[in-house]
Amino acid sequence: MSSGLHQIGKRPAPASGPGDVATPAAPADGDAAAPDVASDAPRVLIETYGCQMNVADSDMLVGLLGRTGWGRARSADDADVVLINTCAVREKAEDRVLARAAELAALQRRRPELVIGIAGCMAEHLKESLVERAPWVDVVAGPDSYRRMPELLAAARAARLSPDAATPFHAVDVRLDKAETYEGLSGADGGDGVSGFVTIQRGCDKFCTFCVVPFTRGRERGTPPREVLRQVRELADRGYKEVVLLGQTVNSYRWEDATFAELLRAVARVDGIERVRFTSPYPVDFTDDVVAAIAEEPKVCKYVHLPVQSGSDDVLTRMRRGYTVADYRAIVARLRAAAPTIALSTDILSGFSGETEADHRATLALMDEVRFDSAFMFTYSERDLTFAARKLPDDVPAADKRRRLAEIIALQERISAEAFAAQVGRRERVLVVGPSRRSAAQMMGRTDGFKTVILPADLPAALARPGALVDVEIERATMATLFGRLG
Ligand code: SF4
């Protein structure tokens with residue numbers, strides 16, 4: 001069963017998609033490459049699919065490989081090793097990775113010394129069966145195996161270069177480790193130079209019935225606060241202005257007695273950091289102390305991604321999401337009472353097992369009521385290992401799934417257009433990220449509420465630089481972008 005992903009607006013870092021922690025499986029912007037080392041060093045290219053945690057993990061791998069003597073490749077043609085960091089949230093995501101691995105296999109036939117590795121959630125999900133489906137893959141490494149990546153890649157490369165290279169060699173390392181938080185490892189680049197990621201939590205204990213993440217990422221564990229703060233200070237020292245705290249259910253974070261609210265406040269007070277975001281939270285873990293930290297800390301952005309999935313209690317129960325529609329409404333009300341300007345985005349999963357037309361209408365009604373600024377919208381597809389795949393029929397006809405998703409998208413487009421239009425005439429403080437995609441003369445930035453703003457081409461030089469904070473008056477809007485001038 002194919003799945004569909006549709007996004008209106010953007011969010012800083014995902015969460016699993018169909019659930020809270022994974023985004024679309026598409027190559028991330030800026031595939032990671034290892035720092036330059038000796039010119040004769042073997043070169044690795046990492047291609048990243050999936051969520052922002054994968055982007056952060058790829059960056060960490062680049063740093064680790066760079067420190068252990070690997071150079072950076074700029075393309076697969078230039079690489080001794082191509083490592084694909086993968087997503088398993090949707091079948092389509094895995095199909096795309098297999099298609100990419102097959103393309104690399106063609107390159108490997110021309111250059112038999114080329115090592116191909118698959119890392120991340122798909123590696124963990126498929127394990128040895130991945131090698132059966134794609135025998136040209138040399139290394140299969142799950143998300144808790146990255147410290148061993150230099151040895152895994154070196155062994156695969158030695159096998160490829162040996163006189164016995166015709167003998168198949170496969171390194172499969174998919175051990176999950178409930179203690180692994182990668183403490184002490186820093187990323188190579190940290191992000192885009194303005195906004196950097198810090199993973200504060202790995203794994204998930206929620207076991208929503210549709211979601212494969214707990215099986216591919218293992219049990220929930222928090223990164224020690226000292227390590228989180230070390231990484232945040234490192235980003236600040238490198239000139240980063242914004243930090244995005246990542247976790248599958250990030251606001252469930254705990255490390256010994258330390259809570260997410262305490263960590264959020266501590267990160268917001270790191271010198272040099274102007275904005276703090278986090279993703280992806282779990283709705284019922286918005287405890288009062290977390291809501292207060294968002295409301296009271298000026299540097300914590302007034303933006304929350306709050307994955308609802310469905311507006312029907314029956315569907316939420318079958319999903320085992322741990323809240324009712326009334327609970328969800330109450331969380332929204334508490335957030336809006338504490339921080340009236342807060343922007344909200346969400347995930348919606350359409351066509352889950354047993355979803356009726358009435359359930360679907362209830363989802364549309366909830367969207368109309370809450371009025372999310374943006375949304376990620378998906379159709380349900382079964383993932384093996386999950387409770388839903390084993391026990392709940394995937395019984396909504398594909399045509400109904402497509403039509404319901406189209407209705408959800410149409411509604412969200414209208415709501416987003418209205419939400420963005422309501423910004424016209426307002427003054428916003430915008431963090432400049434870089435040149436806009438459409439015109440190098442224009443700069444692009446983001447509001448505190450995570451709305452993209454295109455700035456005029458004639459900004460003063462002091463403001464036309466990534467990392468600048470600019471006061472802007474919003475002049476016009478589309479359903480996903482604001483346009484402003486200095487205000
Ligand atoms: S199981 Fe965890 S990662 Fe998956 S949707 Fe539920 S909370 Fe999110």
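Tutor: Start with L264. This is a predicted model, and L264 has 25 C-beta neighbours inside 10 Å.

Student: What makes L264 count as buried?

Tutor: The cut-off for buried is 20 or more other C-beta atoms within 10 Å. L264 has 25, so it counts as buried.

Student: Where does L264 sit, and which residues is it in contact with?

Tutor: L264 belongs to helix 8, residues 260-268. Leaving aside neighbours within four places in sequence, L264 is in contact with V276, A293, E297 and V300.

Student: How do you know whether Y182 is buried or exposed?

Tutor: Count again. Y182 has 20 other C-beta atoms within 10 Å. The cut-off is 20 or more, so Y182 is buried. Y182 lies in the loop between strand 8 (171-173) and strand 9 (195-199). Its phi is near 60 degrees, a positive value in a residue other than glycine.

Student: Why is R320 called partly exposed?

Tutor: R320 has 14 other C-beta atoms within 10 Å. Buried needs 20 or more, and exposed needs 12 or fewer. The value 14 falls in between, so R320 is partly exposed. R320 is in the loop between helix 10 and helix 11. Its phi is also positive, near 55 degrees.

Student: What makes strand 6 largely enclosed?

Tutor: Strand 6 covers residues 115-120. Six of its six residues are buried, so the rest of the structure largely encloses strand 6.

Student: How does strand 6 pair with strand 5?

Tutor: Strand 5 (residues 81-86) and strand 6 pair in the parallel sense, over six bridges.

Student: Now helix 12. How does its reach compare with the expected span?

Tutor: Helix 12 runs over residues 357-370, which is 14 residues. From first C-alpha to last, helix 12 reaches 20 Å. That is close to the 20 Å expected at 1.5 Å a residue.

Student: Which residues of helix 12 are buried?

Tutor: They are D359, H360, A362, T363, L366 and M367.

Student: Why do we say that these buried residues line one face of helix 12?

Tutor: Look down the axis of helix 12. The buried residues fall within an arc of 155 degrees, so they line one face. The face turned away from that buried side carries the exposed residues E357, A358 and E369.

Student: What do the buried residues of helix 12 pack against?

Tutor: Their partners are helix 10 (313-319), helix 11 (325-338), strand 17 (343-350) and helix 14 (398-421). Just after helix 12 comes R371, with a positive phi of about 60 degrees.

Student: Now the whole chain. Which domains is it divided into?

Tutor: Domain 1 spans 23-173, domain 2 spans 195-421 and domain 3 spans 427-486. The C-alpha centres of domain 1 and domain 2 lie 29 Å apart. The contact between them takes 13 residues from domain 1 and 10 residues from domain 2.

Student: Which elements of domain 1 give two or more residues to that contact?

Tutor: Helix 1 (52-67) and helix 3 (121-126) do. Helix 1 gives the most, with four residues. By class, this side of domain 1 has seven nonpolar, two polar and four charged residues.

Key: Residues are numbered from 1 along each chain as its sequence is written. This is a predicted model: local features need pLDDT of at least 70, side-chain atom pairs count only at pLDDT 80 or more; totals for chains, interfaces and linings use all residues. The expected span of a helix is 1.5 Å times one less than its number of residues. The arc is that of the directions from the helix axis to the C-beta atoms. Two residues are in contact if their C-beta atoms, placed from the backbone, lie within 7 Å. Domain bounds come from an automatic or database domain assignment. Ala, Val, Leu, Ile, Met, Phe, Trp, Tyr, Cys and Pro count as nonpolar, Asp, Glu, Lys and Arg as charged, and the others, Gly among them, as polar. Two strands pair if DSSP finds at least two bridges between them.
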